[in-house]
Amino acid sequence: EMRKHEEEVQRRRELKRQREQAEVKKKEDVEEHERAEKRKALEEQRRKDEEFKLAEVKRKEEEDARNEEARRKLAEQQQATLAVLQALQRLSGATSDDFEAMKAELEQMLETELPKTGPQQEVLKQ
């Protein structure tokens, strides 16, 4: 009987140990799953942050390109306006000897440069 009792106690201890090990294993599995989910969420957030940064860089580059194009266009308009004004000034100082040549130069300048003057075009036509 004593032996049976000891065997039963041993069996109960072994079952208890197995249950405890199973609980520890289950707890470790849950913790590992939680860590994996956190890693996954962090990676997703990093990916989204990187996409946002790339989109911001692209937006900035596009804005810079638009600004550069606007500056280039403004410089071209100013240069064309100046060329027309200089031709007008030369005509105003023309003598009877070079008046026709200066007039032809102004007409040529108006034909080539006036369309490039942008908002100043109407003023220069007058």
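The following legends describe close-up views of a predicted model.

**View 1. The crossing of helix 1 and helix 2.**
Helix 1 covers residues 2-92, and helix 2 covers residues 99-113. Their axes come within 9 Å of each other and cross at roughly 165 degrees. Because angles over 145 degrees count as roughly antiparallel, helix 1 is described as roughly antiparallel to helix 2. The crossing in which helix 1 passes helix 2 is left-handed.

**View 2. The residues through which helix 1 and helix 2 meet.**
On the side of helix 1, the contact is made by Ala80, Ala83, Val84, Ala87, Leu88, Arg90 and Leu91. Their counterparts in helix 2 are Phe99, Met102, Lys103, Glu105, Leu106, Met109, Leu110 and Glu113. Sorted by class, this contact of helix 1 with helix 2 holds 11 nonpolar and four charged residues, and no polar ones.

**View 3. The largest nonpolar core.**
Nine residues form this core: Ala83, Val84, Ala87, Leu91, Met102, Leu106, Met109, Leu114 and Leu124. At least two of the core residues come from helix 1, and at least two come from helix 2. The greatest contribution is that of helix 1, which gives four residues.

**View 4. The surroundings of Gln77.**
Gln77 belongs to helix 1. Its relative accessible area is 16%, so Gln77 is classed as buried, the limit for this class being under 20%. With neighbours within four places in sequence left aside, Gln77 is in contact with Lys116, Thr117, Gly118 and Pro119.

**View 5. Glu61 and its separation from Ala83.**
Glu61 is also located in helix 1. This residue is exposed, because its relative accessible area is 51% and the exposed class begins over 50%. Between Glu61 and Ala83 there is a separation of 22 residues in sequence. In space, the two residues are 33 Å apart, C-alpha to C-alpha.

**View 6. Gly93 in the loop between helix 1 and helix 2.**
Gly93 is placed in the loop that lies between helix 1 and helix 2. With a relative accessible area of 56%, Gly93 is exposed. Gly93 and Val123 are 30 residues apart along the chain, and their C-alpha atoms are separated by 21 Å.

**View 7. Lys48 and its distance from Gly93.**
Lys48 is a residue of helix 1. Its relative accessibility is 45%, so Lys48 counts as partly exposed. Lys48 and Gly93 are 45 residues apart in sequence. From C-alpha to C-alpha, the distance between Lys48 and Gly93 in space is 67 Å.

How values were computed. Residues numbered from 1 in each chain as written. Predicted model: local features only at pLDDT ≥ 70, side-chain atom pairs only at ≥ 80, totals over all residues. Heavy atoms only, no water. Axes fitted to C-alpha atoms, helices over the stretch in contact; angles between N-to-C directions. Parallel < 35°, antiparallel > 145°, perpendicular 65-115°, else oblique. Left-handed = near helix turned anticlockwise from the far one by under 90°. Contact = heavy atoms within 4.5 Å. Nonpolar A, V, L, I, M, F, W, Y, C, P; charged D, E, K, R; others polar. Core = buried A, V, L, I, M, F, W, Y, C linked by side-chain atoms within 4.5 Å. Buried < 20%, exposed > 50% of the residue type's maximum accessible area, 1.4 Å probe, protein only.
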